[in-house]
Amino acid sequence: MCIVEDVRTRATELFGIEYPIFAFSHCRDVVAAVSRAGGMGVLGALYFTPDELETELAWIDEHVGGRPYGVDVVMPAKYEGAGLGDAGEILSGLQGMIPDEHRRFVNELLERHGIAPLTEERAGRYLLGWTDATARPQVEVALKHPIGLLASALGPPPADVVEEAHRHGVTVAGLASSARHARKQVDVGVDVIVAQGTEAGGHTGEISTMVLIPEVVDAVGPDTMVLAAGGIGRGRQMAAGMALGADGVWTGSIWLTVEEADTPEASRDRLLAATSRDTVRSRSWTGKPARMLKTAWTDAWEAPESPGTLPMPMQFMLISDALQRINRAGAGELTTFPVGQIVGTMNQVKPVSRVIYGMVEEYIETMERLGTLTEG
């Protein structure tokens with residue numbers, strides 16, 4: 001399948017891409033494949049150390065075919081341990097603050113489901129890029145590469161980071177789940193607002209995409225580009241986002257089940273079998289509300305015997321080893337994954353190019369059908 005007709009918007013003009021489809025993924029193969037197919041892949045930097053991120057971006061540089069791509073970082077304005085010092089001091093300080101009650105709860109939960117302990121060399125990573133101190137080195141690495149976009153996934157990025165990106169000629173995007181959040185992003189100099197509705201996977205707010213997009217478009221004004229996000233994985237949904245005032249779409253969940261994705265097999269199989277009703281907003285992953293696959297894991301954290309979740313980044317530090325143990329064990333009731341409500345249509349494993357071209361074809365068909373409604 002091959003699409004020859006481009007979809008022209010401000011987003012395609014700004015970034016030099018054929019289709020205004022932005023694809024967030026932690027997998028470099030997906031990022032490169034999306035950009036080669038005419039969209040714009042965006043690599044999530046969260047799980048990588050600076051050295052690992054350098055390796056990932058160098059690989060993308062070699063395999064993206066000269067096409068533009070972006071990097072997404074997490075730089076929350078508020079998190080536990082913000083005043084404890086550098087990354088090592090934050091890690092040490094927060095580890096000592098995790099209550100024994102929470103550690104017992106996690107261990108007992110895994111024991112009830114027959115999940116074996118980890119060996120020392122397979123221990124999880126605890127802090128990742130959840131803090132300003134750990135995200136800044138990722139930004140430094142990213143700006144050494146020919147990226148076209150730097151995105152901030154959780155709150156407005158620091159103004160000095162925005163300025164540094166602009167000095168490198170890099171456009172800055174910020175995710176927002178309300179009009180108020182969008183205005184804060186614009187105030188620090190962000191160029192593009194990703195208006196993300198509650199249908200989205202991962203960290204997300206409470207306002208639906210259909211309501212949020214026009215609110216954000218009106219709030220930031222005509223000079224700020226808006227991308228529609230949250231529950232978007234079809235061409236008809238892409239057309240709806242554009243009709244609401246967006247210049248393109250930001251997608252994420254749909255790339256978890258493509259051929260190129262490195263999603264663990266057990267998680268992928270659960271995603272393929274899930275319906276749109278099988279997700280829930282839960283704090284059990286990071287301490288902030290994130291939409292995830294609803295499983296025995298998310299249920300356990302809502303049960304009466306749960307001690308409750310911890311603030312970011314302590315919750316992820318608490319469960320990091322547990323996630324490693326669950327993934328190593330394979331299919332099981334505790335297997336979960338951040339994913340949006342679009343999961344209900346993610347029921348086939350397809351190559352990235354087929355997903356991109358299928359979205360564009362359906363978008364064009366939808367726009368043509370809408371055009372007939374105004375004829376005569």
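Q: What makes the eight strands of this predicted model a barrel?
A: They close up in the order E1-E2-E3-E4-E5-E6-E8-E9, with parallel pairing. On average, neighbouring strands in this sheet are turned by 25° against each other, direction ignored.

Q: How do you know that strand E2 pairs with strand E3?
A: Pairing takes at least two bridges between two strands. Four bridges join E2 (residues 40-44) to E3 (residues 69-73), so the two count as paired, and they run parallel.

Q: Which residues make the contact between H5 and H13?
A: From H5 come His 102, Arg 103, Val 106, Asn 107 and Leu 110, while H13 brings Leu 318, Ile 319, Ala 322 and Arg 325. By class, that's five nonpolar, two polar and two charged.

Q: What makes up the lining of the second largest pocket?
A: This pocket, with a volume of about 740 Å³, is lined by 25 residues. Leu 154, Gly 155, Ser 177, His 181 and Lys 288 are the ones nearest its centre. Nine of the lining residues are nonpolar, nine polar and seven charged.

Q: Which element gives the most to that lining?
A: Helix H8 does, with four residues. Strand E5 (171-176) and H8 (179-187) each supply at least two.

Terms used
Residues numbered from 1 in each chain as written. Predicted model: local features only at pLDDT ≥ 70, side-chain atom pairs only at ≥ 80, totals over all residues. Heavy atoms only, no water. 1 Å grid on protein atoms, 1.4 Å probe; cavity = no way out; pocket = protein on both sides within 12 Å on 5 of 7 lines; lining within 4 Å. Points joined across faces, edges and corners; volume = space filled by probe spheres on them. Nonpolar A, V, L, I, M, F, W, Y, C, P; charged D, E, K, R; others polar. Contact = heavy atoms within 4.5 Å. Axes fitted to C-alpha atoms, helices over the stretch in contact; angles between N-to-C directions.
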